[in-house]
Amino acid sequence: MPITAITTDPAMTAEGQALLYGWPDGPAACAVTTDMQSLHQLLAWTSPSFPIGAFSYSHGLEQAVEDGTVGTAETLAAWIDGVLRFGAGRTDAGFAVRAARQARAGDMAGLVETAIVSSALVPAGERALEARQQGRSFLDAVARGWALDKAADLAAQLDAVEVPVTLPVAAGACGGWAGLPEDMLIEALVHAFAANLVSAGVRLVPLGQTDGQRVLAALGPVIGAVATAARARPEAAPGGAAILADIAALRHETLYSRLFRS
């Protein structure tokens with residue numbers, strides 16, 4: 001079946017879906033709930049295969065491993081816990097909530113302002129590359145791959161005023177336009193950020209894959225708490241206090257031998 005024939009339009013009747021997909025058991029066999037459609041989008045948008053290059057960034061973790069600060073599953077978990085609670089995990093979740101709500105409200109001016117603040121608060125050159133390159137790639141991938149025209153509109157408006165877009169703003173806005181449930185959206189974005197750091201740690205320390213999964217499982221409550229707090233206080237002043245992570249990101253810019261871009 002050609003790609004252009006595939007639709008996720010929730011307005012399509014169950015009978016129409018049965019005819020489209022050719023499922024023999026009638027409408028009941030192909031009924032897809034709105035929540036499942038949202039889950040499908042979130043799984044795709046936060047997958048390691050989504051083409052934003054997340055795998056190439058360590059958020060300063062590579063420097064922490066080089067220094068010996070992170071060298072075990074326990075210290076990796078502690079490092080990511082701190083970044084989530086006090087660093088970009090907290091800050092990015094807040095920006096994603098703001099962007100999602102502004103997108104749903106049709107507040108393009110507010111989105112541009114959020115993009116300006118989010119981009120300005122990035123504390124290091126490589127971290128700026130990490131946030132901005134992934135943000136623009138996210139808008140492009142959603143606009144072209146998921147036919148979300150508003151993503152292209154936001155990219156064009158930001159280009160016109162020479163403002164870069166960070167990943168949390170891009171992902172939050174696209175989630176808002178797509179009508180994704182906010183609780184699912186923010187939890188998924190924070191989880192994806194944590195999972196990418198775990199993956200980087202597994203490669204850098206190195207750790208076994210099982211240890212990586214134990215770390216990610218242990219971070220589950222923290223991920224949930226960060227996402228919930230961001231949704232409860234979307235207008236809280238942005239900013240973090242993950243000082244060692246910020247210093248590691250700065251020092252990584254002069255690291256001689258490296259695997260990651262940040």
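At what angle do α5 and α10 pack, and how far apart are their axes? The model is a predicted one. In it, α5 and α10 pack at an angle of about 145°, and their axes are 10 Å apart. Their crossing is right-handed. On the α5 side, the contact is made by Ala88, Gly89, Ala93, Ala96, Val97, Ala100, Arg101 and Arg104. On the α10 side, Glu182, Leu185, Ile186, Leu189, Val190 and Phe193 take part. Sorted by class, the contact of α5 with α10 has 10 nonpolar, one polar and three charged residues.

**Nonpolar core**

The largest nonpolar core has 71 residues, and Leu61, Leu84 and Phe138 touch the most other members. Helix α10 (residues 182-204) gives the most to this core, namely 11 residues. In soluble globular proteins, nonpolar side chains tend to be buried together. Apart from its neighbours within four places in sequence, Phe138 is in contact with Trp45, Phe50, Ile52, Leu167, Ala170, Ala171 and Cys174.

**Helix α6**

Helix α6 covers residues 108-120. The buried residues of α6 are Met108, Gly110, Leu111, Val112, Thr114, Ala115, Ser118 and Ser119. These buried residues pack against four helices: α5 (88-104), α7 (125-145), α8 (149-160) and α9 (167-177).

**Backbone exceptions in loops**

Most residues other than glycine have a negative phi, and most peptide bonds are trans. Ala147 has a positive phi although it is not a glycine, and Glu162 likewise has a positive phi without being a glycine. The table sets out these two residues.

| Residue | Phi | Loop | Relative accessible area |
|---|---|---|---|
| Ala147 | about 55° | between α7 and α8 | 60% |
| Glu162 | about 55° | between α8 and α9 | 73% |

Are these residues buried or exposed? Exposed means over 50% relative accessible area. Ala147, at 60%, is therefore exposed, and Glu162, at 73%, is therefore exposed as well.

The peptide bond from Val205 to Pro206 is cis, with omega near -5°.

Notes: Residues are numbered from 1 along each chain as its sequence is written. This is a predicted model: local features need pLDDT of at least 70, side-chain atom pairs count only at pLDDT 80 or more; totals for chains, interfaces and linings use all residues. Side-chain values use heavy atoms; hydrogens and water are left out. A nonpolar core is a set of buried Ala, Val, Leu, Ile, Met, Phe, Trp, Tyr and Cys residues joined through side-chain atoms within 4.5 Å. Buried means under 20% relative accessible area, exposed over 50%, partly exposed in between (1.4 Å probe, protein chains only). Helices (H or I, at least four residues) and strands (E, at least two) are DSSP runs, numbered from the N terminus. Contact means heavy atoms within 4.5 Å. The expected span of a helix is 1.5 Å times one less than its number of residues. Axes are lines fitted to C-alpha atoms, for helices over the stretch in contact, and angles run from 0 to 180 degrees between N-to-C directions. A crossing is left-handed if the near helix is turned anticlockwise from the far one by less than a right angle, and right-handed if clockwise. Ala, Val, Leu, Ile, Met, Phe, Trp, Tyr, Cys and Pro count as nonpolar, Asp, Glu, Lys and Arg as charged, and the others, Gly among them, as polar.
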